[in-house]
Amino acid sequence: MALNVVLVEPEIPQNTGNIARTCVVTGSTLHIIKPMGFSLEEKHIRRAGLDYWKDVKLKMYNTIDELWQEYPGGDFLYFTTKAKMRFNKVSYPPDCFLVFGKETEGLKKSILEQNKDKCVRIPMLGDQRCLNLSNAVCVAVYEALRANGYFDLN
């Protein structure tokens with residue numbers, strides 16, 4: 001059993017590097033939906049992920065539809081500041097997918113509209129725009145791990 005982190009069109013290499021590191025230390029699989037705003041070969045992403053890149057369980061897709069087709073019965077949760085439901089008020093099935101949008105725009109409106117009942121938010125002050133993407137992923141991953149008894153993590 002392991003979590004799945006999905007980044008839809010990530011733009012900032014340092015964020016993706018930090019997220020990759022979080023995935024490695026938690027046993028989560030990282031799924032990236034293209035296009036990306038950088039190359040996985042860039043030094044910034046390698047530096048952020050340190051020597052963890054060799055251990056990343058990474059899957060790449062050209063579209064989110066490809067991901068949905070590969071996991072038709074998958075449990076997906078979509079993180080957005082536009083949701084009403086708090087992320088700590090939902091259940092996290094053991095192999096669920098935590099989906100995050102790109103840094104500048106979040107998830108596309110069409111994705112959110114298709115999945116209204118699966119959209120969740122991390123609470124924050126109302127006059128602030130959003131958390132940094134890598135911080136939001138880390139908060140969500142550890143909430144899902146907590147809800148599942150941290151699997152085999154020590």
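**Reading the model, question by question**

Reader: At 29% relative accessibility, does Cys138 count as buried, partly exposed or exposed?
Author: The classes rest on relative accessible area, where buried means under 20%, exposed means over 50% and partly exposed lies in between (1.4 Å probe, protein chains only). Because the value for Cys138 is 29%, this residue counts as partly exposed.

Reader: What kind of model is this, and which atoms do the side-chain values use?
Author: This is a predicted model, in which local features need pLDDT of at least 70 and side-chain atom pairs count only at pLDDT 80 or more, while totals for chains, interfaces and linings use all residues. Residues are numbered from 1 along each chain as its sequence is written, and with hydrogens and water left out, the side-chain values use heavy atoms.

Reader: Where does Cys138 sit, and how far apart are the C-alpha atoms of Cys138 and Ile19?
Author: Helices (H or I, at least four residues) and strands (E, at least two) are DSSP runs, numbered from the N terminus, and Cys138 has its place in helix 5. Along the chain, Cys138 and Ile19 are 119 residues apart, yet the separation of their C-alpha atoms is 7.3 Å.

Reader: What distance separates the end C-alpha atoms of helix 1?
Author: The expected span of a helix is 1.5 Å times one less than its number of residues. Helix 1 covers residues 13–26, so its 14 residues should span 20 Å, and this agrees with the distance between its end C-alpha atoms, which is 20 Å.

Reader: Which residue just after helix 1 takes a positive phi?
Author: Within helix 1 itself, several residues are buried, among them Ile19, Ala20 and Cys23. Just after the helix, a positive phi of about 75 degrees is taken by Gly27.

Reader: How far from Ala20 is Trp53, C-alpha to C-alpha?
Author: Trp53 is found in the loop between helix 2 and strand 3 (57–61), and at 12% relative accessibility Trp53 counts as buried. Although Trp53 and Ala20 are 33 residues apart in sequence, their C-alpha atoms are apart in space by 7.2 Å.

Reader: How many disulfides are there, and how far from Cys23 is the nearest cysteine sulfur?
Author: A disulfide is a pair of cysteine sulfur atoms within 2.5 Å, and by this rule the count comes to 0. Cys23 is in no disulfide, since the nearest cysteine sulfur, that of Cys138, lies at a distance of 9.8 Å.

Reader: Is Cys23 buried or exposed?
Author: The relative accessible area of Cys23 is 2%. Because the buried class covers values under 20%, Cys23 is buried.

Reader: How many aromatic pairs are there, and in which class is the pair of Phe76 and Tyr78?
Author: Rings of Phe, Tyr and Trp (its six-membered ring) pair if their centres lie within 6.5 Å, and planes under 30 degrees apart count as stacked, over 60 as edge-to-face and the rest as tilted. By this rule the count is 4 aromatic pairs. The rings of Phe76 and Tyr78 have centres 6.2 Å apart and planes at 20 degrees, so this pair is stacked.

Reader: How many residues apart in sequence are the parts tied together by Phe76 and Phe97?
Author: Phe76 and Phe97 have ring centres 4.5 Å apart and planes at 20 degrees, so they too form a stacked pair. Since Phe76 lies in strand 4 (residues 76–79) and Phe97 in strand 5 (residues 97–100), the pair ties together parts whose separation in sequence is 21 residues.

Reader: Which residues form the aromatic cluster?
Author: Both Phe76 and Tyr78 are buried, and both Phe76 and Phe97 are buried as well. The one aromatic cluster is formed by Tyr71, Phe76, Tyr78 and Phe97.

Reader: Which residues join through a cis peptide bond?
Author: Pro35 is found in the loop between strand 2 (29–33) and helix 2 (43–49). With omega at about 0 degrees, a cis peptide bond joins Lys34 and Pro35.

Reader: What is phi of Tyr150 near?
Author: Tyr150 has its place in the segment after helix 5 (133–147), and its relative accessible area of 36% makes Tyr150 partly exposed. Tyr150 is a residue other than glycine with a positive phi, near 65 degrees.
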